[in-house]
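Visitor: Hi, could you walk me through this one? I'd like to start with the strands and then look at the aromatic rings.

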Amino acid sequence: MDKVVPPCCVASRPQEAKEEPAGPETGLVRKSSKGIRFKEKMVLIEGGEFWMGSDSGEGHPADFEDPVRNRRVDPFYMDSMAVTNEEFGQFVKETGYRTEAERFGWSFVFYQFLAPGTEAAARRVANTPWWCAVEEAFWFQPEGAGSSIGNRMDHPVVHVSWHDAAAYCRWAGKRLPNETEWEYAARGGLEQKRYPWGDELNPGSEHRCNIWQGEFPALNTEEDGYAGTAPAASYRPNGFGLYNMAGNVWEWCANAFAENAGPLKEQGMDAAAPDLAKAMRGGSYLCHESYCNRYRVAARSSNTPDSSAGNIGFRCAVSI
């Protein structure tokens, strides 16, 4: 069993909830016969060398951001923005796919976003009571029964597990980026900067990302314009033309968290474990410097591959 404990900015399905959920197997989704879907939204990321990670000491020790190491990346294509509700909806319409949240019957919702009438039934997560396990919280009704994505079709899809993201990628003729690719792309050509645009969070008093503003978890002043998710193409893109590589939603990566976190044996992990935590990057609209400054480029997090929440999404890549 994976020993990495996800931080308070994400939530994981409890072990007792991990019996096989009802519904079709996720592996039934096959690679698209129509080539690469939504190729027009992808950008070419030229390969090269860069310094990955950070020695700044800003990271959480368990995240293994350090030491800084030199890495080479081959050229690849990457989505300029996270997969949107509209795009995921097309995938579901064509395949009949049901997400793991739907098969389990619930997902995690931030307490301030609970749909009316669901407060009493919501189960608070121990030690992180701002997370609530909400029945019928799915990608198309992200706050539970009665909520809708009708005015959020251009927002990142959320409540998707790693398995869901991988299934979408197969359908789209794509794949998830690995962490090295993700960080190289997020840096946008800058070397060892804190954010995709430089070292200052709000240069010239301009907000460049969607994170928590105010006092977490009680008050979000929404100074950056959003309480929850923002449209996938919000704010300025980085030097490679990629949007929201900091904040908005966590993004699943292809690799296990442990692959970039030192020897598995040292962490008490079994490399063959099917529920080994997968890496996530970028932070989300719930990140705040007071407890989780993981919206920095080098910051890392993880979650079990069947977990989902209202602040977890993904973007895709394609090898050349």
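Guide: Happy to. One definition to begin: two strands pair if DSSP finds at least two bridges between them. Also keep in mind that this is a predicted model.

Visitor: Okay, how many bridges join strand 4 to strand 14?
Guide: Three bridges join them, and the two strands run antiparallel. Within that pairing, Tyr77 has Val318 in strand 14 as its bridge partner.

Visitor: What sheet do they belong to, and in what order?
Guide: An open sheet of three strands, ordered 1-4-14, with antiparallel pairing. Strand 1 (42-45) and strand 14 (317-319) are the edge strands, each pairing on one side only. From one strand to the next, the twist averages 25°.

Visitor: Which helix lies across strand 1 and strand 4?
Guide: Helix 4, residues 179-187, running at about 70° to strand 4.

Visitor: Switching to strand 7: why is it largely enclosed?
Guide: Six of its eight residues (128-135) are buried, so the rest of the structure largely encloses strand 7.

Visitor: And how does strand 5 pair with strand 7?
Guide: Strand 5 (residues 106-110) pairs with strand 7 in the antiparallel sense over five bridges. Trp106 stands opposite Glu135 there. Strand 6 (residues 123-125) is also antiparallel to strand 7, joined by three bridges, and Arg123 has Ala133 as its bridge partner.

Visitor: Which residue takes a positive phi in the hairpin of strand 6 and strand 7?
Guide: Asn127, with phi near 75°; the hairpin has two residues between the strands.

Visitor: Now the rings. How many aromatic pairs are there in the whole structure?
Guide: A search finds 25. One of them is Tyr168 with Trp171, a tilted pair at 5.4 Å centre to centre and 55° between the planes. Both residues lie in helix 3 (residues 162-172), three residues apart, about one turn of the helix.

Visitor: Are those two buried or exposed?
Guide: Tyr168 and Trp171 are both buried. Another pair is Tyr195 and Tyr295: the ring centres are 6.0 Å apart and the planes are at 10°, so this pair is stacked.

Visitor: Where do Tyr195 and Tyr295 lie?
Guide: Tyr195 is in the loop between helix 4 and strand 8 (214-215), and Tyr295 in the loop between strand 11 (278-281) and strand 12 (301-303), so the pair ties together parts 100 residues apart in sequence. Tyr195 counts as buried at 8% relative accessibility, as does Tyr295 at 4%.

Visitor: Last one: which charged end sits over the ring of Phe257?
Guide: That of Arg300, 4.0 Å from the ring centre. Lys39 lies over the face of Tyr77, at 6.0 Å from the ring centre.

Notes:
Residues are numbered from 1 along each chain as its sequence is written. This is a predicted model: local features need pLDDT of at least 70, side-chain atom pairs count only at pLDDT 80 or more; totals for chains, interfaces and linings use all residues. Side-chain values use heavy atoms; hydrogens and water are left out. Helices (H or I, at least four residues) and strands (E, at least two) are DSSP runs, numbered from the N terminus. Axes are lines fitted to C-alpha atoms, for helices over the stretch in contact, and angles run from 0 to 180 degrees between N-to-C directions. Contact means heavy atoms within 4.5 Å. Buried means under 20% relative accessible area, exposed over 50%, partly exposed in between (1.4 Å probe, protein chains only). Rings of Phe, Tyr and Trp (its six-membered ring) pair if their centres lie within 6.5 Å; planes under 30 degrees apart count as stacked, over 60 as edge-to-face and the rest as tilted. A charge sits over a ring if NZ of Lys or CZ of Arg is within 6 Å of the ring centre and within 35 degrees of the ring normal.
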